[in-house]
Every structure is written in structure tokens, then in C-alpha cells.
Amino acid sequence: MSDSLNILIIGDVLGKAGRRALRDHLPNLLDEHQIDFCVANGENIAAGFGTTLKLADELFTLGVDVITNGNHCWDQRSFLEDIEEDDRFVRPANFSKYAPGNGWTIQETRDGHKVAVINLIGQVFMGTWDCPFEAADRVLAEIPDDVNAILVDLHAEVTSEKMGMGWYLDGQVSMVYGTHTHVPTCDEIIHPSGTAFQSDIGMTGSYNSIIGMKKEGALRRMVQRLPQRFEAVERGATIFATKITVNAQTRQTTHIQRICIRPEA
Ligand SMILES: [Fe+2]
Ligand SMILES: [Fe+2]
């Protein structure tokens, strides 16, 4: 068993455009970068609103190992039950105690490494959730010692809260990364005790949009402040992802690299 792990992290996958781009590029990307484990955020795979089993299956088939979630988790009401169907789904661990599903999971890579994925949601501009810092402590106390890498998807709006979590967990996990804003940040760093951090991985979706939605409708809402349906853009997605290399003995990250694949013109 090799003692390092290459992990690919994909942020919010937005609707058909995002799924198409992954279908076109993900298998190659996994191959080219010798990826052992891949995680993606699935809160927007169903035309921007939530997750279904069928669409999640598309991602699993392409090589995604775990699907995290966020504030859109229950937009498809069927997911309240479907989340229990597969332990590769996680939803924020600091949702209320009544939420179905799990806040973290451990999955194995092809060569037997164990990767834990923890999902959290922020408290600032995100609704009323339990404290993500306390939830992280609670989950980490439960994770067994033989896990080779630990990833934390903090689904949150504000960068300060995400940066806070990065420092709070430095030395305890392999990476803390943000999702939700649909805009990638170029602040990737490895903290002194080996925890990688990036404020937001960015959306895999169309940037010829307003955070993945058709700009006309979104603009009408902003300008006229009247109800307007959001419609996801269906083509032309950019893939933003981040690759980390983790020492499987120490769980520390040794290398971090942002990846971007633009749509063909
Ligand atoms: Fe999102
Ligand atoms: Fe979100």
C-alpha cells in the first residue's frame, strides 16, 4: 500500500451543465492525476436544487466516492428518505438532531486506504444550525485512529468563518475546504500542522450565469424585487477542483493544487 493519497475535491456541481462537464472530463482527470479518492458537493445537481438518487448515481459511476451536501439538501423532498439508501451521502453534521442521514462517513479507496469525509454548515447568513466547531469536535472524537485522511467540507457563506475552521482544525484533519459560494478562491494553503485549507473550491457549472442560474431571471429578481423562477444554465460548465496529496500515515497534506478546466469555446 503506497503511503500517499491523491484526493480530488470538487465543489458544488450545478445541474446539467456541471454533470455534463464531469461526464466529459472527470474520468480523464482521475486518471491523469492518479486520484485515489474523489469527493463532490451534490446540493445543486438537480437543476440547482438538491439531490436525487438517479443524478447522484451519475456522479458515483464517474468515480465520485462521496457526495456532500448543504443548505439545498432537502430541496428534493425524496432525498429525506433517499439519503438513508447509501452511506456515500453525507449532509451537514450540525443539522438538527431530527435530520435523516449522516454527518460523516468513512469510505475505502481501491487499495484499502480509509478516507473520512465530514460535512458541516456555517452559521453566518446560512440559517440557524448547531455550532459547526462543536460538531467538528464531536465527530472527530468518533473517528477511529486507522483512518488515513480526513476531509471537512464546510458549506458556508463567509470566508472568515471558513478560515476560522481551517485554523481550528489545523493538525487534526487533512483539509478544511469551503463550498456554497459557487466562486473559487485562490487562497489554497497548507497550515503549519499539515491541514490544507481553501475558502471555496468553486462551482462546477456555467460561469456565464449568476452562480449557475440564468442571469436574466436572477437579474429580474435583483432589479425588480419580484418573484422569479431560477433556472439553471444547462451548458458550458467550467470545472473547478482541488487536488491534495496526503501522507497516509500522518494524515497531513504535503501538496495542494487547484485545477481548472474551461468549457470549449
Ligand atoms: Fe451550492
Ligand atoms: Fe449552498
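Which residues line the second largest pocket? The legends below take up this and other views.

This is a predicted model, in which local features need pLDDT of at least 70, side-chain atom pairs count only at pLDDT 80 or more, and totals for chains, interfaces and linings use all residues. Residues are numbered from 1 along each chain as its sequence is written, and side-chain values use heavy atoms, with hydrogens and water left out.

**View 1. The second largest pocket.** The lining consists of L30, D31, Q34, I35, D36, F37, C38, G63, D65, T109, R110 and D111. Helix α1 (15-32) and strand β2 (37-41) are the elements that give two or more residues to this lining. A pocket is an open set of points on a 1 Å grid over the protein atoms alone, where a 1.4 Å probe fits, with protein on both sides within 12 Å along at least five of seven lines; lining residues have an atom within 4 Å of a point. The volume, which is the space filled by probe spheres set on the points, is about 250 Å³. By class, 4 lining residues are nonpolar, 3 polar and 5 charged; Asp, Glu, Lys and Arg count as charged, Ala, Val, Leu, Ile, Met, Phe, Trp, Tyr, Cys and Pro as nonpolar, and the others as polar.

**View 2. The largest pocket.** This pocket holds about 290 Å³ of space. Of its 18 lining residues, H72, H182, I211, M213 and F230 lie nearest the centre. The lining has 8 nonpolar, 7 polar and 3 charged residues.

View 3. R19 and E58 form a salt bridge, with their closest N and O atoms 3.1 Å apart. R19 is in helix α1 and E58 in helix α2 (residues 53-62), 39 residues apart in the chain. A salt bridge here is a side-chain nitrogen of Lys or Arg within 4 Å of a carboxyl oxygen of Asp or Glu, and the count comes to 7. Helices (H or I, at least four residues) and strands (E, at least two) are DSSP runs.

Terms used:
Chains lettered and ligands numbered in written order.
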